Amino acid sequence: MAPNRGGMQQAASWFFRSSPTAEMRIRLFCFPCAGYGAAMYRAWQSQAPAWLEIVPVQPPGRANRLAEPPLDSFPELVRSILPELSTLTDRPYAFFGHSMGAVFASELASEIVRQEMHAPMHLFLSARQPPNLPSPVGPLSHLDDMTFVEEVNKRYGGIPREIIEAPEVLELLLPTLKADIRTLERIERATPRRLPIAISALGGKDDRLVPEHLLAGWGSWTEQDFRLQMFDGGHFYLEDQRSALILHIQDVLEAKMPAAATPSSP
């Protein structure tokens, strides 16, 4: 594994990047789950191999973008991020997205392909079924705040107890989390797409909300290779399995690197 390459520095409002080096040949844009931001991938930057640049994505409504209203539809998110992303596609790149981030990554990739832009070399889609498949659980965004928080924690276990017990912090975070959940609910049963991009679907073996058969639905979204990889753990398996997950991503991208890294590659 590579040594720590420095702290996160803001490159643009959508992206946090460590100091780039000449060794970095592939960029991996990492999209967070609902309610989370770029800090979700902070530790990845120190664990990735030297040739892989980890670029965490920071949507509006959180952390340094807390003053901006959160966006609550994927078309809005895609329109907003695309101009800044297009300035960072001068070298081979891939997407990783967890839960909501998986759908965001797939929607963004679809628009990139539609516009005939330089497409990502691989999609790593984690802990979320494709949006053409209905969620196995009912909607949340209409619930009152406390019921909403309780139900989110019951399903995903994603809100730490110390935040739930700090009303002033919870008040800051709820609008963004609700907007993210609304975004997911609005895209359910969307038309499936066929992308000219290889896809890896990733998940936790004990994730009751997104079991293996739902993850397998991403196979119909690609015209290229599809692989399904399960890890020990539940919906947030990537916290305990971070090293194994990064190694898996590294192996997939490294196998493509000789072709992807040549100047003549598209």
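**Reading the model**

Guide: S99 is buried, with a relative accessible area of 6%, where buried means under 20% relative accessible area, exposed means over 50% and partly exposed lies in between, for a 1.4 Å probe and protein chains only. This is a predicted model, in which local features need pLDDT of at least 70 and side-chain atom pairs count only at pLDDT 80 or more, whereas totals for chains, interfaces and linings use all residues. Residues are numbered from 1 along each chain as its sequence is written, and side-chain values use heavy atoms, with hydrogens and water left out.

Visitor: Where does S99 lie, and what is the phi of this residue?

Guide: S99 sits in the loop between β5 and α3, and its phi is near 55°, a positive value in a residue other than glycine. Helices (H or I, at least four residues) and strands (E, at least two) are DSSP runs, numbered from the N terminus. A63, in the loop between β4 and α2 (74-85), also has a positive phi, near 50°, but A63 is exposed, with a relative accessible area of 57%.

Visitor: In what order do the strands of the sheet come?

Guide: Strands count as paired if DSSP finds at least two bridges between them. Here six strands make an open sheet in the order β4-β3-β5-β6-β7-β8, with parallel pairing. Its edge strands are β4 and β8 (226-231), each of which pairs on one side only. From one strand to the next the twist averages 20°.

Visitor: How many bridges join β3 to β4, and is β4 mostly covered or open?

Guide: Strand β3 (residues 26-31) is joined to β4 by five bridges, and the two run parallel; I26 stands opposite L52, and L28 stands opposite I54. Strand β4 (residues 52-56) is mostly covered, since five of its five residues are buried. On one side of β4 the buried residues are L52, I54 and P56, and on the other they are E53 and V55, which leaves both faces covered.

Visitor: Which strands does helix α3 lie across?

Guide: Helix α3 (residues 100-114) lies across β3, β5 (93-98) and β6 (122-126), and runs at about 145° to β5. For such angles, axes are lines fitted to C-alpha atoms, for helices over the stretch in contact, and the angles run from 0 to 180 degrees between N-to-C directions.

Visitor: Is H122 buried or exposed, and which residues is H122 in contact with?

Guide: H122, in strand β6, is buried, with a relative accessible area of 2%. Leaving aside neighbours within four places in sequence, the contacts of H122 (heavy atoms within 4.5 Å) include Y93, F95, I199, V252 and L253. H122 and L253 are 131 residues apart in sequence, yet 7.8 Å apart in space, C-alpha to C-alpha.

Visitor: How should I read the empty space?

Guide: Rolling a probe the size of a water molecule over the atoms shows where empty space is left. On a 1 Å grid over the protein atoms alone, a cavity is a set of points where a 1.4 Å probe fits but cannot get out, a pocket is an open set with protein on both sides within 12 Å along at least five of seven lines, and lining residues have an atom within 4 Å of a point. The largest pocket holds about 660 Å³. Its lining has 34 residues, and those closest to its centre are A34, G35, Y36, G37 and L173. Helix α6 (residues 167-187) gives the most to this lining, with seven residues.

Visitor: How many cavities of 30 Å³ or more are found, and what lines the largest cavity?

Guide: A search of the whole structure finds two cavities of that size. The largest cavity has a volume of about 70 Å³, and its lining includes P32, C33, R62, M100, F104 and D180. Helix α3 supplies the largest share of that lining, three residues. The second largest cavity holds about 40 Å³, and S99 is one of its lining residues, together with others including A127, R128, Y156 and H235.

Definitions and conventions: Points joined across faces, edges and corners; volume = space filled by probe spheres on them.
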